[in-house]
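Please look over the sequence and the structure before reading on.

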Amino acid sequence: MHNSSNDELIRLTSSVRYRAVGEDGVLVHLENGRVLVVNPVGLHIVQLLGTPISRQALAHAVADEFNVAADRAESDLEAFLAELDQEQVLERGAA
């Protein structure tokens, strides 16, 4: 997994499109044709990744939106971001 710094911003790559389908989300990677289906929490994260955002801000947004403890939101977020990394749908940059 990628080592992250506190000032690093992440977002979806420009080659990814997504759409809400019911409560779930569907992501399409235009370059490799892969399709990913995410649950409502994943969709919320993907929507937040539409603009550059820090991991810390993402974790706080998830904790607030779904009323979960911050440490749980952070660990679940890291696991989800690792999956998105494997699918090559994230870009990174400094704040």
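## Overall dimensions

A compact globule of 95 residues would have a radius of gyration near 12 Å, and the protein has 13 Å, so the two agree. The model is predicted. Its C-alpha atoms fill a box of roughly 35 × 30 × 20 Å along the principal axes. Of the 95 residues in the protein, 34% are buried.

## Order of elements

The protein contains three helices and six strands. Read from the N terminus, these elements follow the pattern β-β-β-β-α-β-α-α-β.

## The sheet

Three strands make up an open sheet, in the order E2-E3-E4, with antiparallel pairing. Strand E2 (16–21) and strand E4 (35–38) are at the edges with a single partner strand each, and therefore one side of each has no neighbour in the sheet. From one strand to the next, the twist averages 20°.

Strands of a sheet pair through backbone hydrogen bonds, and the pairing can be parallel or antiparallel. Here E2 and E3 run antiparallel and are joined by six bridges. Alanine 20 stands opposite glycine 25, a residue of E3.

## The largest pocket

Rolling a probe the size of a water molecule over the atoms shows where empty space is left. In this model the largest pocket holds about 210 Å³ of space. Its lining has 14 residues, and those closest to the centre of the pocket are Asn39, Val41, Gly42, Ile45 and Asp76. Helix H1 (40–48), helix H2 (55–66) and helix H3 (70–86) are the elements that give two or more residues to this lining.

H3 provides the largest share of the pocket lining, with six residues. By class, the residues lining the largest pocket are nine nonpolar, two polar and three charged.

## The cavity

How many cavities of 30 Å³ or more does a search of the whole structure find? The search finds one. The largest cavity holds about 40 Å³ of space.

The residues that line the largest cavity are Val16, Leu27, Val28, His29, Arg34, Leu36, Glu87 and Val89. Strand E3 (residues 24–29) gives the most to this lining, namely three residues. Five residues of the cavity lining are nonpolar, one is polar and two are charged.

Terms used:
Residues numbered from 1 in each chain as written. Predicted model: local features only at pLDDT ≥ 70, side-chain atom pairs only at ≥ 80, totals over all residues. Heavy atoms only, no water. 1 Å grid on protein atoms, 1.4 Å probe; cavity = no way out; pocket = protein on both sides within 12 Å on 5 of 7 lines; lining within 4 Å. Points joined across faces, edges and corners; volume = space filled by probe spheres on them. Helix = DSSP H or I, 4+ residues; strand = E, 2+ residues; numbered from the N terminus. Nonpolar A, V, L, I, M, F, W, Y, C, P; charged D, E, K, R; others polar. Pairing = 2+ DSSP bridges. Axes fitted to C-alpha atoms, helices over the stretch in contact; angles between N-to-C directions. Rg over C-alpha atoms; globule rule 2.2 N^0.38 Å. Buried < 20%, exposed > 50% of the residue type's maximum accessible area, 1.4 Å probe, protein only.
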